[in-house]
Amino acid sequence: MKIYIVTFEPFPHGMAATNRILHYGRGLVAAHTDCEVVIGQRTEFYDRVRNTEAKGLYKGVPFIYPSGHIYRSKSFLKRRLDDIIDFFILLLYLLRNFKVGDRVLLYSSRSFFTILLQLICRAKGVKIAKELCELPFATSNDSRLNRARRAILEKYIFPRFDGVIAISNALQDYAMQMVDASKIIKVPILIDTHAYDDIVAHNHPRPYIFHGGTMYERKDAIVSTMKAYIKAMNSLETPIDFILAGPQSPHHDELNEMLRQSNLQDRVHF
């Protein structure tokens, strides 16, 4: 049995999604399971290159860009053409390599691709699971188009997965609306603690909580998190600061008013 982690994220270097995929791969390798990360399109822009190899081994995890290319063109039209070509090369690669009993962990919410991949998996006797680390299409702009795309996933695609891996209780409950509970497991945030062994502690006078990313209530629950922080500070004897890094929040005034009322302005740093 081989497990294919299929994604359109950059690999092995990238952001949070890339790190989670890497940790899945490292866990599988540590469990002596044959696995491979398969990246479905070119990910590196000419002015921002994080990855340079189309195939390799990183921290013991095999990976491949089936098209053999990782660099995106400067031309908008050429990028669109390359995406289409890479899309079909990816499907062909999986179709050729799948064997009965293999498994797929899908880290993508692309509806058309997912439908085709589910059909290929059924034809080849391969089980497919969905990685659910956030609400599909949960961008800062919850547009009508994104809601429609999410509705298609929920009605036609999710029920056809053989399993779902959710990152939180809330997403586990969300998946249970479409998939039998026996097919869902929760795998919380994954982190390599050894990566921080050699980092010198930040010269901050007090212990602190750090939030890096968006500051939207709908996506990252920043207002609710601030309420929880204020509640905790009212009951804890140890002073803890809250440091937030990211674009200015649309809730900026609301957050500052909450801090003013709780007299915690000097503990929270934007």
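**Reading the chain**

Modeller: Of the 270 residues in the chain, buried residues make up 42%. Keep in mind that this is a predicted model. The chain has 8 helices and 11 strands. Its C-alpha atoms fill a box of roughly 60 × 45 × 40 Å, taken along the principal axes.

Biologist: What share of the contacts between residues at least 6 apart in sequence join residues at least 24 apart?

Modeller: In this chain the share is 68%.

Biologist: How do I read a pair of packed helices?

Modeller: Two packed helices are described by the angle between their axes and the distance between the axes. Take helix 2 (residues 76-97) and helix 3, which pack at an angle of about 15 degrees with their axes 10 Å apart. Angles under 35 degrees count as roughly parallel, so helix 2 is roughly parallel to helix 3. Their crossing is right-handed.

Biologist: Which residues make the contact of helix 2 with helix 3?

Modeller: Helix 2 contributes F87, L90, L91, L94 and L95, and helix 3 contributes F112, F113, L116, L117, I120 and K124. Sorted by class, the contact of helix 2 with helix 3 has 10 nonpolar residues, no polar ones and 1 charged.

Biologist: How do helix 3 and helix 4 cross?

Modeller: The axes of helix 3 (residues 111-124) and helix 4 (residues 144-157) come within 11 Å and cross at roughly 15 degrees. That angle makes helix 3 roughly parallel to helix 4. Helix 3 passes helix 4 in a right-handed crossing. On helix 3 the contact is made by S111, T114, I115 and Q118, and on helix 4 by R149, I152, L153 and I157. The residues of this contact of helix 3 with helix 4 divide into 4 nonpolar, 3 polar and 1 charged.

Biologist: Now the backbone. What should I look for?

Modeller: Most residues other than glycine have a negative phi, and most peptide bonds are trans. In this chain, the peptide bond from F11 to P12 is cis, with omega near 10 degrees. P12 is in the loop between strand 1 (2-7) and helix 1 (16-30).

Biologist: What is the phi of H32, and where is H32 found?

Modeller: Phi of H32 is near 60 degrees, which is a positive value in a residue other than glycine. H32 is in the loop between helix 1 and strand 2. With a relative accessible area of 76%, H32 is exposed, because exposed means over 50%.

Biologist: And what is the phi of N263?

Modeller: Phi of N263 is also near 60 degrees, again a positive value in a residue other than glycine. N263 sits in the loop between helix 8 and strand 11 (268-269). N263 counts as exposed at 58% relative accessibility.

Biologist: Is S249 buried or exposed?

Modeller: S249 counts as buried, because its relative accessibility is 6% and buried means under 20%. S249 lies in the loop between strand 10 (241-245) and helix 8 (252-262).

Biologist: What does the side chain of S249 reach?

Modeller: The side chain of S249 reaches the backbone oxygen of M215 at 2.5 Å. Not counting residues up to four places away in sequence, S249 touches M215, I222 and L255.

Biologist: Where does H251 lie, and which residues is H251 in contact with?

Modeller: H251 lies in the loop between strand 10 and helix 8. Leaving aside neighbours within four places in sequence, H251 is in contact with M215, Y216, E217, I222 and V223. H251 is buried, with a relative accessible area of 19%. M215 and I222 are among the contacts of S249 and also among those of H251.

Conventions: Residues numbered from 1 in each chain as written. Predicted model: local features only at pLDDT ≥ 70, side-chain atom pairs only at ≥ 80, totals over all residues. Heavy atoms only, no water. Helix = DSSP H or I, 4+ residues; strand = E, 2+ residues; numbered from the N terminus. Buried < 20%, exposed > 50% of the residue type's maximum accessible area, 1.4 Å probe, protein only. Polar contact = N/O pair within 3.5 Å; in protein donor to acceptor, adjacent residues only side chain to side chain. Contact = heavy atoms within 4.5 Å. Axes fitted to C-alpha atoms, helices over the stretch in contact; angles between N-to-C directions. Parallel < 35°, antiparallel > 145°, perpendicular 65-115°, else oblique. Left-handed = near helix turned anticlockwise from the far one by under 90°. Nonpolar A, V, L, I, M, F, W, Y, C, P; charged D, E, K, R; others polar.
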